[in-house]
Amino acid sequence: MKPKTADYPVARLIEVFSAIQGEGLNVGTRQIFIRFALCDLRCHFCDSAHTWDAPPMCHIEQTPGCRDFETHSNPVSLPLLLEWIERQNQPCLHDSISITGGEPLLHAPFLVEFLPQLRDLTGLPIYLETGGHRPQQLSMILPYLDSVGMDIKLPTVSGEERWQAHAEFLQRCYSSQAEVFVKLIISHQTDPTELEKAAELVAACSPTIPVFLQPVTPLQTPHYLHETELLPPSPEQVLTWQALMKRYLKQVRVIPQTHKAIGQL
Ligand code: SF4
């Protein structure tokens, strides 16, 4: 018997849209972005503070890349979300689907149901973008993921300290079939001893895991929580820090947020 609408899993969303990925290993590729609401971290550099709480409404793009958003009330049922993704999934357009937030792993029970159906519907690879601090929830959905981009939060830049959780998270990714890379946001205030600690953490798992150093993008408008403005590192700092990390790791790339450089939403 078909379930009643009220029986379907639901999730709280921010938005669904089609865009060019501007960060990490998938930079430059076209993705369908599913941005989930809620985050349990409070990074100083956060450019998605609007995701921290669940809004009453979410924004759904009708035509891929056209920003012709319609609004729907939260929470959203699983079949309705699949309908929206089907509308986005035009032939030959997208390389993969980005599960992002906020912190998408706060929706792990929903994702366990949703991701296998998403793959059946689209055939597209599934990429998880995460703060990298919730290993238990990761394990619930790892079998359905093709790649994972996880952060290591540097305390002097982010204000968050999650070393132990990051180490466990990375180990679980590396032991799975999913491809994994690590992203570190760096600013002029970054403490190089934290970069060295991060490099050791990654190398302890495998020195072949790609690491991306991402110079912080200054926020357009000062956020009420930001007591001091985070500025990008100088070219000299970036060169020194890349060299420092390459003593431990084979792949350390420096890439700023390219979607902001091209003025993309
Ligand atoms: S984990 Fe991401 S969404 Fe959450 S506060 Fe940090 S930067 Fe913002």
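F36, F110 and F114 make up one aromatic cluster. The structure is a predicted model, in which local features need pLDDT of at least 70, side-chain atom pairs count only at pLDDT 80 or more, and totals for chains, interfaces and linings use all residues. Residues are numbered from 1 along each chain as its sequence is written, and side-chain values use heavy atoms, with hydrogens and water left out.

Five aromatic pairs are found in a search of the whole structure. Rings of Phe, Tyr and Trp (its six-membered ring) pair if their centres lie within 6.5 Å; planes under 30 degrees apart count as stacked, over 60 as edge-to-face and the rest as tilted. The ring centres of F36 and F110 are 6.1 Å apart and the planes stand at 65°, so this pair is edge-to-face. F36 belongs to strand 3 (residues 30–36) and F110 to helix 2 (residues 108–122), so the pair ties together parts 74 residues apart in sequence. Helices (H or I, at least four residues) and strands (E, at least two) are DSSP runs, numbered from the N terminus. F36 and F110 are both buried, that is, under 20% relative accessible area (1.4 Å probe, protein chains only).

The rings of F110 and F114 have centres 5.4 Å apart and planes at 25°, so the pair is stacked. F110 and F114 are four residues apart in helix 2, a separation of about one helical turn. Both are buried.

The ligand is surrounded (heavy atoms within 4 Å) by C39, L41, R42, C43, F45, C46, W52, G102 and K153.

Definitions and conventions
Buried means under 20% relative accessible area, exposed over 50%, partly exposed in between (1.4 Å probe, protein chains only).
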